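Here is a short report on one protein model. Keep the sequence and the structure in view as you read.

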Amino acid sequence: MRPSLAIATLALISLYPAIGPGPAILTSRPEAAHEAALAPPAEPQAAAPWSEPCITDLPSVAPADAPGINPAPTAVILPDAPPKEAEVPQERILVVARGDTLASLLDGAGVDSADAHAAIERLARQFRPSQLRPGTEIAIRLSPGETPDLLDIEIEPEPGRTVRVARQPDGSWADSLTIAPRSRFLVRAEGSVDGGLFPAMTRSGVPAGMALSLIRILGHQVDFQRDLQPGDRFEVLFDRFRDDEGDVLGHGQILKATLTLSGRTLEVWRYKNRAGDVEWYDAQGRSLRRSFMRTPLDGARVSSGFGPRSHPVLGFNRVHQGIDFAAPTGTPIYAAAEGVIISAKREGGYGLMVRIRHANGVETRYAHMSRFARNATAGRRVRQGAVIGAVGSTGLSTGPHLHYEVVAGGRQVNPARHVQEAVRLAGADLAAFRARQSRITRIAAGFGSGDEIALASD
Ligand SMILES: [Zn+2]
């Protein structure tokens with residue numbers, strides 16, 4: 001385990017704090033920002049319960065006025081002889097390899113299986129053992145003696161976050177979570193979309209996972225194939241966390257993202273409403289989630305739009321009742337909006353097709369799939385963006401693609417035009433949303449790409 005864990009404090013910092021009253025500093029030098037972040041007095045440092053002074057930290061010369069010490073002027077008082085090996089708990093570091101489970105690792109270390117089971121069960125209150133990643137270090141302590149008892153387990157599943165279970169005197173187990181003190185920074189990343197939105201965002205410092213989810217969110221509003229032009233720009237504001245040595249502990253949430261397209265500016269804002277639901281909104285406070293996704297899969301290109309087209313084989317015009325998206329076989333297909341699956345079955349020329357019923361009697365259809373997702377079964381409720389199957393070429397199809405239809409009022413409509421009415425924030429929620437917008441805008445005004453601003457960790 002990293003030495004810094006031994007001095008980790010118990011100061012808990014809210015994971016998703018609201019934006020603080022204002023910037024602590026404006027700078028483009030992360031190290032300076034970091035110093036500034038440390039400037040306010042830290043929370044009282046509570047020693048971690050398991051930290052014990054090391055033998056070498058003990059004074060080798062006793063103070064003259066120490067009680068009970070013979071005050072012979074030249075006496076050098078040595079600390080007690082270190083306890084014999086067998087009397088101190090044995091500490092072991094277990095490194096997770098692919099295929100290991102916590103139980104198998106403890107078993108391999110000679111821990112009694114009933115003990116291991118009880119400890120793991122308690123640990124699971126703080127951390128799901130199934131999420132153990134290869135390379136993670138697990139520190140365990142065993143009691144001295146021939147048949148050692150497990151005393152405690154300590155894991156740092158992600159930087160700055162330490163979970164621990166310890167055996168209590170009565171034999172029960174206690175769990176704890178320690179979050180290293182961290183400073184929160186607002187980061188601004190911006191750039192031109194040339195060469196693709198995803199690579200452009202990651203190049204500018206947006207973490208890959210964040211970039212992917214942002215593209216999915218923006219997919220509610222933008223047809224990337226048609227709308228993005230060379231020279232269009234993006235801006236992303238997001239949280240970054242650093243420990244007190246300045247190392248990045250991780251990233252929080254996107255607060256706001258802006259796409260400046262040739263003809264318009266598109267903003268998306270993350271906001272937790274008063275009911276506690278986190279949603280994405282446009283600049284006017286309209287929820288994006290109520291809209292249908294324009295593209296129910298990632299990285300696809302429109303190979304055939306809605307409307308009249310010349311049939312490639314028969315040569316006459318007919319109306320194409322949906323939109324075709326060309327994508328490799330196996331590409332995940334998402335539910336375009338929240339709804340209930342009507343069916344997932346083979347339907348003639350459509351091949352393997354999923355139908356989903358949404359609010360107001362709207363139905364979406366996803367055809368030519370190679371397979372259905374395991375949970376895509378009739379009657380099942382799905383959230384927007386849930387994977388329902390994979391691209392294929394079943395039925396009457398000349399190559400892997402998704403044929404996507406929207407049925408409203410009993411007939412197929414152009415999915416690109418179909419936008420369900422959005423829910424707009426109102427009342428106190430709208431006021432809080434507006435206040436947050438102006439606070440973030442004020443904080444972010446005038447700081448450059450790649451800059452960080454320290455925020456209060458309130
Ligand atoms: Zn089609």
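Start with Arg141, which is partly exposed because its relative accessibility is 22%. The model is predicted, so keep that in mind throughout. Arg141 has a partner: its side chain meets that of Asp152 in a salt bridge, with 2.9 Å from N to O. This pair links distant parts of the chain. Arg141 sits in strand β2 (residues 137-142), and Asp152 sits in strand β3 (residues 150-158). Eleven residues separate the two.

Is Asp152 buried or exposed? Asp152 has a relative accessibility of 5%, so it counts as buried. The cut-off for buried is under 20%. Arg141, at 22%, is therefore partly exposed.

## The whole protein

Now step back. The protein has 458 residues, and 44% of them are buried. It contains seven helices and 24 strands. The accessible surface comes to about 24100 Å². Carbon and sulfur atoms account for 52% of that surface.

Contacts also reach along the chain. Take those with a separation of 6 or more: 63% of them join residues 24 or more positions apart.

Strand β7 covers residues 233-243. Ten of its eleven residues are buried, so the rest of the structure largely encloses this strand.

Which strands pair with β7? One is β6 (residues 182-192), which pairs with β7 in the antiparallel sense over eleven bridges. Here Gly191 stands opposite Phe234 of β7. Another is β8 (residues 248-260), again antiparallel, with nine bridges to β7. Arg242 has Val248 in β8 as its bridge partner. β7 and β8 form a hairpin with four residues between the strands. In that hairpin, Gly246 takes a positive phi near 90 degrees.

## More salt bridges

Side chains of opposite charge can pair when their charged atoms come close. The structure holds 18 salt bridges. One of them joins the side chains of Arg184 and Asp239, at 3.1 Å from N to O. It links distant parts of the chain, with Arg184 in β6 and Asp239 in β7, 55 residues apart. Arg184 has a relative accessible area of 2%, so it is buried. Asp239 is buried because its relative accessible area is 6%.

Next, look at Glu363 and Arg355. Their side chains meet in a salt bridge of 3.0 Å, N to O. Both Glu363 and Arg355 are buried. They also belong to a network of salt bridges that links Glu347, Arg355, Glu363, Arg365 and Glu405.

## The zinc site

Which residues coordinate the zinc ion? They are His320 through NE2, Asp324 through OD and His403 through ND1. The distances run from 1.9 to 2.3 Å. In sequence, the donor residues are spaced H-x3-D-x78-H.

Asp324 and His403 link distant parts of the chain. Asp324 lies in strand β14 (residues 323-326), and His403 lies in strand β22 (residues 401-408). They are 79 residues apart. Asp324 counts as buried because its relative accessibility is 7%. His403 has a relative accessibility of 8%, so it too counts as buried.

Note on methods: Residues are numbered from 1 along each chain as its sequence is written. This is a predicted model: local features need pLDDT of at least 70, side-chain atom pairs count only at pLDDT 80 or more; totals for chains, interfaces and linings use all residues. Side-chain values use heavy atoms; hydrogens and water are left out. Buried means under 20% relative accessible area, exposed over 50%, partly exposed in between (1.4 Å probe, protein chains only). Contact means heavy atoms within 4.5 Å. Accessible areas come from the Shrake-Rupley method with a 1.4 Å probe; for residues, only the protein chains shown count as cover. Two strands pair if DSSP finds at least two bridges between them. A salt bridge is a side-chain nitrogen of Lys or Arg within 4 Å of a carboxyl oxygen of Asp or Glu. Donors are N, O and S atoms within 2.8 Å of the metal (3.2 Å for Na, K and Ca); water is not among the atoms, so sites may look incomplete.
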